[in-house]
Amino acid sequence: MAVTSAPTWKRFTGQWKVLEINLQGGKTAFFIAVLSKCVHIINMAWGQNCSIDVVSDCHRSHCCCCQRGPEGPCFPGTHFTATPLLLAGWWRTERDLDSSFRFRSSPCADTAVLKDEGLVPSPALGMALCSAGRRFLKDNPNSASKLRAWARARAVYTGADGYHAEEIKEKLRAFPGGSLDLVKRESGIAVMTVNNPTRRNAFSGTMMLDLEERVTELEMWKEGKGLIVQGAAGTFCSGSDLNAVRAISNPQDGMQMCMFMQNSLTRLLRLPLISVAVVEGRALGGGAELTTACDFRLMAPDSVIQFVHKHMGLVPGWGGAARLVRIVGSQSALKLLAGAKKVDAELGAAIGLSDGVLECPADGGVLPQAEQWLSRYVAGPADVVRAAKEVVVSGRERHLEEALRTEKDVFGTVWGGPANTAALAGKSKHK
Ligand SMILES: CCCC(=O)SCCNC(=O)CCNC(=O)[C@H](O)C(C)(C)COP(=O)(O)OP(=O)(O)OC[C@H]1O[C@@H](n2cnc3c(N)ncnc32)[C@H](O)[C@@H]1OP(=O)(O)O
């Protein structure tokens with residue numbers, strides 16, 4: 001099957017990359033790669049038997065597909081980072097599966113990353129993944145669902161953890177009300193609004209489902225640079241809807257809901273967008289946890305963030321405790337959780353939970369202030385802004401050696417790129 005155009009990176013988010021290759025007959029092949037080690041596609045011999053040979057670390061002086069040396073990327077996708085054994089070819093149709101794309105994985109696997117992924121490196125793994133990919137495709141012919149599955153790979157829990165996504169979704173559907181609204185602006189800043197004002201923006205079951213959908217949408221938004229998370233009608237969010245909480249208060253459902261929300265909020269924090277929670281009114285319980293799934297928090301003068309879980313006989317379950325410790329340190333986190341302490345704008349700034357105090361809006365609400373605040377961090381080309389977020393997520397979440405490798409890999413995506421080239425051609429003083 002012949003290739004009709006140069007492969008391009010169609011989507012890139014977090015540690016995942018998707019190489020999209022257009023094939024004859026309007027078909028498309030997707031190759032999913034997970035970051036770990038610099039890998040170079042050394043042979044794209046597209047003919048009757050298309051094959052991709054992958055080696056770890058490029059030792060070649062020239063790339064055989066474009067004849068350029070190793071000084072810079074030859075075309076997007078030539079120099080990419082992947083764990084060879086995690087490469088999987090995903091095809092759009094069953095027929096494509098039979099058309100002999102041959103995958104030869106590198107003998108050199110990155111053990112550390114495979115462990116991170118919870119996988120044991122073995123030569124059989126590549127085959128197993130390809131076959132799992134095929135099975136998945138057979139069951140999911142729709143490419144949108146394929147991409148969703150790819151996005152979900154950034155989540156924490158899978159079926160292996162006893163997590164049953166479809167079952168808990170079914171249960172959550174039984175608790176409707178409110179919505180999670182998303183507006184993606186041309187500026188590259190999106191605004192997500194927690195919208196259930198009659199219940200002070202409490203999270204109904206369907207809003208939890210909405211959250212997952214919105215995060216998926218943002219994962220696919222490659223022009224995006226920033227995200228503002230706010231509550232409707234002048235208050236942030238009063239946590240999970242107590243009516244839903246009461247109805248699913250058995251341990252099994254509680255665990256499933258916990259894993260569902262942790263997955264969505266972890267993916268929210270890992271988005272390659274710089275995010276800020278704009279807190280007006282109250283952010284209570286799960287609402288307080290939601291603020292910690294953003295990179296930054298801005299608080300209105302009379303606003304309060306409060307982890308009220310202790311008063312409910314609980315601890316955070318949406319990942320809020322783990323994130324809080326990373327934001328304010330264990331001493332302050334313990335005080336906030338064990339004391340269910342109210343954090344106002346002043347205390348928030350003092351302990352580093354809040355990154356800025358919003359002024360009382362004369363008109364137009366606090367959103368323009370938040371946008372203004374965020375604009376200094378999202379100024380410039382999307383690939384550079386997203387790369388900055390990428391290296392920070394990696395530095396926060398990975399072991400040093402892995403984070404260093406990822407940093408090198410992400411560096412490779414911007415080095416010699418348009419922004420870098422333009423900067424080098426201009427003045428290079430930073431007074
Ligand atoms: C792992 C997740 C853990 C959790 O998130 S558990 C949930 C923790 N959150 C809470 O307990 C919040 C309880 N609510 C409150 O403390 C107060 O309602 C709150 C948010 C300070 C607002 O106070 P006020 O402004 O005076 O308004 P209000 O009390 O009259 O509330 C207006 C209507 O909203 C409702 N509401 C507020 N928070 C809710 C919630 N979480 N779930 C379900 N309904 C909720 C409240 O019942 C009231 O409804 P209604 O008008 O009486 O029908």
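Modeller: What follows describes the ligand shell, then a surface patch and a sheet. Please bear in mind that this is a predicted model. The ligand is surrounded by 18 residues, and the closest of these are Arg-200, Ser-238, Ser-240, Leu-242 and Gly-286. Sorted by class, the shell consists of six nonpolar, seven polar and five charged residues, and β13 (282-284) and α9 (286-292) each contribute at least two residues to it. At Gly-286 the backbone takes part, with an N or O atom 2.8 Å from an oxygen atom of the ligand. Of the 960 Å² that the ligand exposes when taken alone, the protein buries 59%.

Leu-242 also belongs to a nonpolar surface patch of about 280 Å², which it makes with Met-312 and Leu-314; Leu-314 is found in the loop between β15 (304-306) and α10 (320-328).

As for the sheet, six strands form an open arrangement in the order β9-β10-β11-β12-β14-β17, with mixed pairing. Because β9 (179-184) and β17 (356-357) stand at the edges with a single partner strand each, one side of each has no neighbour in the sheet. Within this order, β12 (residues 274-279) and β14 (residues 296-299) run parallel and are joined by four bridges, and Val-278 stands opposite Leu-298 in β14.

Conventions:
Residues numbered from 1 in each chain as written. Predicted model: local features only at pLDDT ≥ 70, side-chain atom pairs only at ≥ 80, totals over all residues. Heavy atoms only, no water. Patch = residues over 30% accessible without salt bridge, like charges linked within 9 Å, V, L, I, M, F, W, Y side chains within 5 Å. Areas by Shrake-Rupley, 256 points an atom, 1.4 Å probe, with all protein chains shown as cover. Salt bridge = Lys/Arg side-chain N within 4 Å of Asp/Glu carboxyl O. Near = heavy atom within 4 Å. Polar contact = N/O pair within 3.5 Å; in protein donor to acceptor, adjacent residues only side chain to side chain. Nonpolar A, V, L, I, M, F, W, Y, C, P; charged D, E, K, R; others polar. Pairing = 2+ DSSP bridges.
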